[in-house]
Each structure stands twice: as C-alpha cells, then as structure tokens.
Amino acid sequence: MPGAKLDSYPVTVDILIPFWGDPGLLFDTVDSVFAQTDDDWTLTVIDDAYPDETVPARFAAMDDPRVTYVRHEHNEGIVAGFRECVARGRSEWLVVLGCDDLLHPRYVELVHRTAAAHPGADIIQPGVQVIDSDGRPSAPLADRVKRMLAPSTRAGDAVLRGEALATSLTRGNWLYWPSLAFRTATIQRHDFRDDLPIILDLAILLDIAFDGGTLVFTPELAFSYRRHSASASQTSLLDGRRFSDERRYYGEIAARSAAAGWRSTARAARWRPFSRLHAATELPRVLRHGSAAGRRAAFAHILG
C-alpha cells in the first residue's frame, strides 16, 4: 500500500537534492519521493540560492518532519553542493538525487530489498529509464553505449568489487550517478575533487573501488534519468573541459592502478576505449560549435 513502511527492511534512506534549475521539475522530483511505496526515507533539499521565491514558499508550506529545506545565501556551485549532501547523510543509505530526475514508486523499497539481499553492498545501481527534457523516453547514443557496458544480469543481480569494479568503470562509466544509493559510511570516507567538476562522480566512484568497495547492479526499473542537451556535461564538451579533465584523470588512474598491481584497470585507463569513442562521436558537433580549445582537447583525447 502506498505510504506503508516495510518493517522487514528497516534501513532508512536519506534522499538529498542539490537544487539549481527549473522549480517545476524540482517539484516533480519531490512528488516522486512522496509517491514511494515505502515511506522509510528522509528528504533534504539544498537550494543553492536559486533566484525564485516559489521554491522556499513551497517548502515552507510542507508539514512533514521527514523534509528539510536549506537555502544558501550565495551560490556555492556543484562540488560544494554534492559535498554538503554527503556530509548531511545520517542514515545507513543516502542518495544524491538530481533536481529534475524521478524516483519510481518502488525505488526506496528496492534499495531496502537489495541491501538486505547483499549485506556487503556499498553502492546500489537500480534499473534506469532515460527521459528527455519533456519527460519522454529517450535512447541517445551515449545511453545505448552505457547499456552495452553494463554487466549482465541474466543470472540475477551483478556484483562488482575492487579491481573488477574499477576496470568496468574505467572502460566506460555505465552508471547513473543520481540513481545510486550509497552506504553512507562508505561515501563519507571519500571526498569530491574540486579540480574535476564534470567527472566528479566517476572520480569518487573509483576512489570507493580502490578502497575495496562493492557495487550491486539490480536490473529492476526504478528510476528515470533526465538527459538535457544543454546540461553542464554537454556544454563542457564544446569548450574542451570535459576531454581535458578526462585525459588527465585517466592518466592518474593508469599510474594508480599500476602501483596497486591492478593490470586490467591500468590497461583500461591507458586505452580508455569508450572515452575516446565518445570524443570521436562528439567531434562533428565540437568542430561545428566548439571553441578552438574544445577542438584541440577533442583531438588530443582521441589521438593521445
């Protein structure tokens, strides 16, 4: 029954939303939290000084002890927002939810079931549906490639740990960050890198993998990820930041893996096949619309 707590899964999930964007989409995201079949969750919205008074007014009118609304006086940026979300986690599991993404009604229930079935899990990746800016199902090339890179779940949940997880993500990041549930104690042992704002998710995920962390991929569809053509990650392709950061970071991972004796990860980092392929598929757009720095970065990433 909607709103009923599943007492057999007594794990509380902290859902934290760093907000800067469309208030209407944020309200849809919040509604998707309230629509959970399992009400064992808390919600914290961190408003990064977005200039719209409808947002604080909406939360001021809410009368639910599970909901916390925090508004910054000044815009602090994405890295600070993610860092604050993780620091505010108090329960066993936390989710840094995108302010325009949608939980399916059984998302929290799925986290509880998966955590109970895999007590050693540090990260849970549910099945994800990609939607466009209007909320319609979408399947752009990047997401078709992600499906190819994901491990098989024909025999049930896929479990990756340590080197196997690091190698999988280094070949190509097939995860959807806003959909991930993290064991709070695990992610709080690590930090986001200020110098990698576009791929900060991959960097902290690989830190967890190098620390011996375990990821469980369960195929049950429980999340809608909204992909925008004008997102920060997309615009960073045109000015070169994305490819420059990736190339530098994969060099770091190759060296770190070699030092750890993780040969498969080191090899994947040196070749970075799907990262190069991504740059190659984006090259026509970069050539048409990108800056000179963007074009140089794309060629260097493909050929270097």
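Ala49 is buried, with a relative accessible area of 18%; buried here means under 20% relative accessible area, exposed over 50%, and partly exposed in between, using a 1.4 Å probe and protein chains only. The residue sits in the loop between strand 2 (41–47) and helix 2 (54–60). Helices (H or I, at least four residues) and strands (E, at least two) are DSSP runs, numbered from the N terminus. Although Ala49 is not a glycine, its phi is positive, about 60°. Most residues other than glycine have a negative phi.

The model is predicted: local features need pLDDT of at least 70, side-chain atom pairs count only at pLDDT 80 or more, and totals for chains, interfaces and linings use all residues. Residues are numbered from 1 along each chain as its sequence is written, and side-chain values use heavy atoms, with hydrogens and water left out. The chain averages a pLDDT of 92, and 94% of the residues score at least 70; pLDDT is the predictor's confidence in each residue, from 0 to 100. Over residues 1–9 pLDDT stays under 50, and the model has 18 contacts for this stretch beyond four places in sequence. A contact means heavy atoms within 4.5 Å. Where pLDDT is low, the predicted coordinates should not be read in detail.

Arg272 also has a positive phi, near 35°, and is a residue other than glycine. It lies in the loop between helix 11 (263–271) and helix 12 (273–289). Its relative accessibility is 6%, so Arg272 counts as buried.

Another arginine, Arg242, belongs to helix 10 (residues 241–260) and is buried at a relative accessible area of 17%. Its side chain makes a polar contact with the side chain of Glu246, at 2.5 Å. A polar contact is a pair of N or O atoms within 3.5 Å; within protein, one must be able to donate a hydrogen and the other to accept it, and residues adjacent in sequence count only if both atoms are side-chain atoms. Arg242 and His301 are 59 residues apart in sequence, while their C-alpha atoms are 9.8 Å apart in space.

Ile187, in helix 7 (residues 184–187), has a relative accessible area of 0% and is therefore buried. Leaving aside neighbours within four places in sequence, Ile187 is in contact with Val86, Leu94, Trp177, Phe182, Ile204 and Ile208. Ile187 and Asp122 are 65 residues apart in sequence and 8.2 Å apart from C-alpha to C-alpha.

Asn173 is placed in the loop between helix 6 (162–171) and strand 8 (181–183). A polar atom of its side chain lies 3.2 Å from the backbone nitrogen of Leu175. Beyond four places in sequence, Asn173 is in contact with Lys146, Asp201 and Leu202.

The second largest pocket has a volume of about 300 Å³. Of its 15 lining residues, Gly127, Val128, Arg147, Tyr176 and Phe217 are the closest to its centre. Strand 6 (123–131), helix 5 (141–149) and strand 9 (214–226) are the elements that give two or more residues to this lining, and strand 6 gives the most, with six. By class, the lining has nine nonpolar, four polar and two charged residues. Ala, Val, Leu, Ile, Met, Phe, Trp, Tyr, Cys and Pro count as nonpolar, Asp, Glu, Lys and Arg as charged, and the others, Gly among them, as polar. On a 1 Å grid over the protein atoms alone, a pocket is an open set of points where a 1.4 Å probe fits, with protein on both sides within 12 Å along at least five of seven lines; lining residues have an atom within 4 Å of a point.

Methods. Points joined across faces, edges and corners; volume = space filled by probe spheres on them.
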